[in-house]
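Morning, everyone, and thanks for coming. Let me put the structure up, and then I'll walk you through a few parts of it.

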Amino acid sequence: MSENSPDKLAIREVRLGATRAEGGTREVSYVIGGDRGLPFCGNDAGRRLVALEICDDPAIWPPVVRNYVGDLVNNPEDWAQAAERRYGADLVRLNFTSTKKRGFNAFADIASTTERVLEATTRPLIIEGSNDPQVDSEVFRRCGEAGEGERLLLGTAEADRYRSVAAAALAYGHLVIAQSPIDVNLAKQLNILLRETGVPEDRIVIDPYTGALGYGFEYSYSVMERIRLAAIAGDDDLAMPMISAPTDTLSIREVREAAPEEQDAMAVAWEFYTAYSAFVAGASVVCVRHPLTVERLKKVLEA
Amino acid sequence: MAMKALDIYKHLPKTNCKKCGYPTCLAFAMKLATGKADVEACPDLDPGAKALLGGVTRPPVRAVTIGAGERSVTIGEEFVLFRHEKTFYHPPGIMVEVSDTWTEVEVRSVVDEVRETVVHRVGQDLVLNGVAVRNESGSADRFAETVRLAGGGSSLPLVLISDDPTAFEAALAIAGQYRPLIHAATADNWEPLAALAKQYGSPLVVRAGTPADLAAITAKCAEAGVADLLIDPAPGSLQGYITVATEIRRSAIERTEPALGYPIYLDAGALGETDAAVATGILKYAGIIVTPRFSRASREAALTLRQNIYTDPQHPIQVTPGVYPINNPERDAPVLLTVNFSLTYFTIVGYLEASRMPCHLLIVDTEGLSVLTSVAGGKLTETMVADALKKFGVADLVDHRILIIPGYAAPLSGKIEDATGWKVMVGPRDAADLPEYLEKEWKT
């Protein structure tokens, strides 16, 4: 096997966020990727980041997280600040859930929320814009513009709707999350599409889509392993770091229907097992929603 | 390296005598090549050929059984490094630890918990596998007494953990007939332990810090007559475990070091973060995982992860076809069609349950294929839909005659209307869009 070759990086390096010196306002920026072999096997760079997800409209957010974080859910900048300072997340992933409402048109709020969250945080930021082609273009333009120069990681590009995200990333100097439905070949195709659109390869992070534990997680686990193996074998179109967001795990029956006194424990256990397994499969960034999961993942990664 | 069936065939008697249970020598050779048959089954092989073929045809990781009776656990007999290459066959046994310094009540509560924990998921019962008794008292009698409290091995498989041969003697006098796993033979004490393992026919764990040392000790134990071995690489960290376990599994599979062709033992409690260690063992090649007692939430997540990882990728878990009520549907609730691919089913059910929208979910048998694949491959057809509607009596459950089909099945909408007489509505492609679709489009 070629995985022990010392010369070539199997996984390209991608820089998230920009410090003042790099044209942004972050106190730190992160480099992910740079691995030469299998995850946790001595030949990988071991750069693993834990992101806490927050949102601008908590109506569809998991009740167990809403209960745990309390009033923070109504204030994205306080929530983001707590994610970094209190919960210890390496970075925040801001989800614009407000855009899922029918007839959404509060585009000015997208820009101002982006600015406020950037103001409240000191680390790189992931932004999940809309997933409706009708508003994509305007949503991505607004958050892209508001974060110009910050090297935001913008999500999510998919095979049938990637142009708006790519355009915003190109115009304002950001990175793109490329999501494909648990399939190595589709992941590769989308990366090629993005490249042809002009998105540089070191600005793409692969999201192979993460099924919930107990509900298809094994497919995601194996696809991540296969993408990593393909990259090690020299496939340049798959040589990007991966991001995994096991967010469905908090919506499953076992977590939703847990007894009230066990809700947090159940949510954290299921999220932790999924998130940690995603790291073992090769993810560089894993996004979770329960603050206690962040703490536990960080502890394990730092050990 | 493994031999091909035809190369193996050259060494067989070619008499097609059927005494091995296979119709021809070639059929036997093909089974041998995939590690699914044992050379011993052929009575006419000379010892030279037997030794040669035995070395290349037995499973690269030896199958080892721990315990006796219905809760015994068989591990090993694995063939690949990554599950997508074929599948992982034998899920690791998870053994919960007790100490011989504990009170009877403490020991019994763990034993009861192990015996009674059952997680029902998609037609399978997921259980913890046994109890590991740790000799921390320094007393052989105390160790034996705790082994007795833990059931002596008659109901749950046991792991006996000590470094004192006299403690093992006392414990094996009680549990020896139930194949407990003995932990651990080291460079210093392997001789008396191998003798005990041989005497009782018990599997034995070999413990050392490097693959080379492990191989040296397993070779000696095998020579001393202990065939059922496990290896404990004594990792210092999770990363260290993954690195060494990968190396061991690779050596076994590539048959570069036959003395490493045994299941791996992982002490999850020794690595700090128990949940991470248990998950690591499940994901990365452990045959036996010994863990401190863990919470119900962690147990359920761990057992579910183990089920997921050990699902055969070529035979996805399928949902039984039928009509499933979601959120207590009445006679005016919509009927939604989908396939019996478990991932599709669970995704849809997840979104529908979260939406609290009552509906009937009709599952047809597409042999576990997704909507897209089954439509393309002709596994989802209008006749099947018509048959399923009839077979499951859907017309008796609702007052309307409207069927919502998956977005990817849109090409079949006309044919389904013709074949069933039901009005067809084409739903969204993505399950996430179902709640909104139903809210907008569904009126009877």
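Predicted model: local features only at pLDDT ≥ 70, side-chain atom pairs only at ≥ 80, totals over all residues.

Turn to the face of H17(B) that points away from its buried side, and you'll find the exposed residues Glu439(B) and Lys440(B). Residues are numbered from 1 along each chain as its sequence is written, and chains are lettered from A and ligands numbered from 1 in the order in which they are written.

Back to H17(B), residues 434-441: Leu434(B), Tyr437(B) and Leu438(B) are buried there. Down the helix axis, the buried residues of H17(B) fall within an arc of 95°, so they line one face; the arc is taken from the directions from the axis to the C-beta atoms. H12 of chain B is among what covers them. Helices (H or I, at least four residues) and strands (E, at least two) are DSSP runs numbered from the N terminus.

Now for the sheet. Chain B has an open one of five strands, ordered E13-E15-E14-E16-E17, with mixed pairing. At its edges sit E13 (322-326) and E17 (423-426), each pairing on one side only; pairing takes at least two DSSP bridges between two strands. E16(B) and E17(B) run parallel, joined by four bridges, and Ile402(B) has Lys423(B) as its bridge partner in E17(B).

Next, which residues of H9(B) meet H10(B)? They are Leu238(B), Tyr241(B) and Ile242(B), and on the H10(B) side you'll see Ala276(B), Ala277(B) and Thr280(B). Contact means C-beta atoms, placed from the backbone, within 7 Å. The two axes come within 10 Å and cross at roughly 10°, so H9(B) and H10(B) are roughly parallel, a label for angles under 35 degrees.

Finally, the contact between the chains takes 35 residues from chain B and 34 residues from chain A. On the side of chain B that touches chain A, H9, H10, H11 and H12 of chain B each give two or more residues. H11(B) gives the most, with nine residues.

Methods:
Contact = placed C-beta atoms within 7 Å. Axes fitted to C-alpha atoms, helices over the stretch in contact; angles between N-to-C directions. Parallel < 35°, antiparallel > 145°, perpendicular 65-115°, else oblique. Buried ≥ 20, exposed ≤ 12 C-beta atoms within 10 Å, placed from the backbone.
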